[in-house]
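Work through the exercises below with the structure in view. Try each task before reading its solution.

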Amino acid sequence: MVEVTVTPQSSLADRPVQIRVRGLSPSQLVTLRAWLKDEQGECFQSRAFFRANQAGEVDPGLHAALGGSYSGVWPMGLFWFLQPDTLFRRLVKRDVAGSPFRVRLEVLDGLSLGADPREQLLGSCEAERWYVGPGVQRVPIREGRVRGALFLPP
């Protein structure tokens, strides 16, 4: 059984997380895919191809991606290289205090380039990426032509 974990599962968006995949066959080729839907329902995704080590594990912080949205060792690459399905869209979080981005991480068998319904999903998990920490107060600022927000720690 393939297990995908993100540690910590819930974190601030600027904090690194560790992604691990266990339970693969030694040297198995897999695709790690990250995707989310923004507040307007637009899908953003990234993918990277990996070869499992002899223990049947993949760790993007230790193992180099062989291709996909990026190549090389990028511990946070699946988050940093999220691209929109529709051209010219930007990933913007409007409701920073009320809800997180929920990023779905999936492991697919082999090298997966698209949304083929025959893709074999081996495992998945979800990570929450918050933009405001617990207890932080958001104060809107409107002074003349200046608009903004002040975030006060608890």
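**Exercise 1. Count the elements and give their order.**

Step 1. The protein chain has one helix and eleven strands. Helices (H or I, at least four residues) and strands (E, at least two) are DSSP runs, numbered from the N terminus.

Step 2. The order is β-β-β-β-β-β-α-β-β-β-β-β.

Step 3. Note the ground rules. This is a predicted model, in which local features need pLDDT of at least 70, side-chain atom pairs count only at pLDDT 80 or more, and totals for chains, interfaces and linings use all residues. Residues are numbered from 1 along each chain as its sequence is written, and side-chain values use heavy atoms, with hydrogens and water left out.

**Exercise 2. Describe the chain as a whole.**

Step 1. Take the dimensions. The C-alpha trace spans about 60 × 35 × 25 Å along its principal axes.

Step 2. Look at burial. Of the 154 residues, 36% count as buried. Buried means under 20% relative accessible area, exposed over 50%, and partly exposed in between (1.4 Å probe, protein chains only).

Step 3. The chain exposes about 9,200 Å², and carbon and sulfur atoms supply 53% of it. These areas come from the Shrake-Rupley method with a 1.4 Å probe; for residues, only the protein chains shown count as cover.

Step 4. Check the contacts (heavy atoms within 4.5 Å). Among those with a separation of 6 or more, 53% come from residues 24 or more positions apart.

**Exercise 3. Trace the pairing around β4.**

Step 1. Start with β4 and β5. They run antiparallel and are joined by nine bridges. Two strands pair if DSSP finds at least two bridges between them.

Step 2. Find a facing pair. K37 stands opposite C43 in β5.

Step 3. Inspect the turn. This hairpin has five residues between its strands, and G41 in the turn has a positive phi of about 85°.

Step 4. Move to β8. Six bridges join β4 to β8, again in the antiparallel sense. Here R33 stands opposite E106.

**Exercise 4. Which residues have the most contacts inside the largest nonpolar core?**

Step 1. In soluble globular proteins, nonpolar side chains tend to be buried together.

Step 2. Name the residues. The largest core has 28 residues, and those with the most contacts inside it are V21, L32, F50, V58, L78, F79 and L105. A nonpolar core is a set of buried Ala, Val, Leu, Ile, Met, Phe, Trp, Tyr and Cys residues joined through side-chain atoms within 4.5 Å.

Step 3. Trace the sources. Elements that each supply at least two residues include β1 (3-7), β3 (18-22), α1 (77-80) and β9 (121-130).

Step 4. Zoom in on F50. Leaving out residues up to four places away in sequence, F50 touches several residues, including L32, V58, H63 and Y70.

**Exercise 5. Is V2 buried or exposed?**

Step 1. Apply the cut-off. V2 has a relative accessible area of 16%, so it is buried.

Step 2. List its contacts. Beyond its neighbours within four places in sequence, V2 is in contact with V21, R22, G23, L24, L122 and G123.

Step 3. Compare positions in sequence and space. V2 and V107 are 105 residues apart along the chain, while their C-alpha atoms are separated by 8.4 Å.
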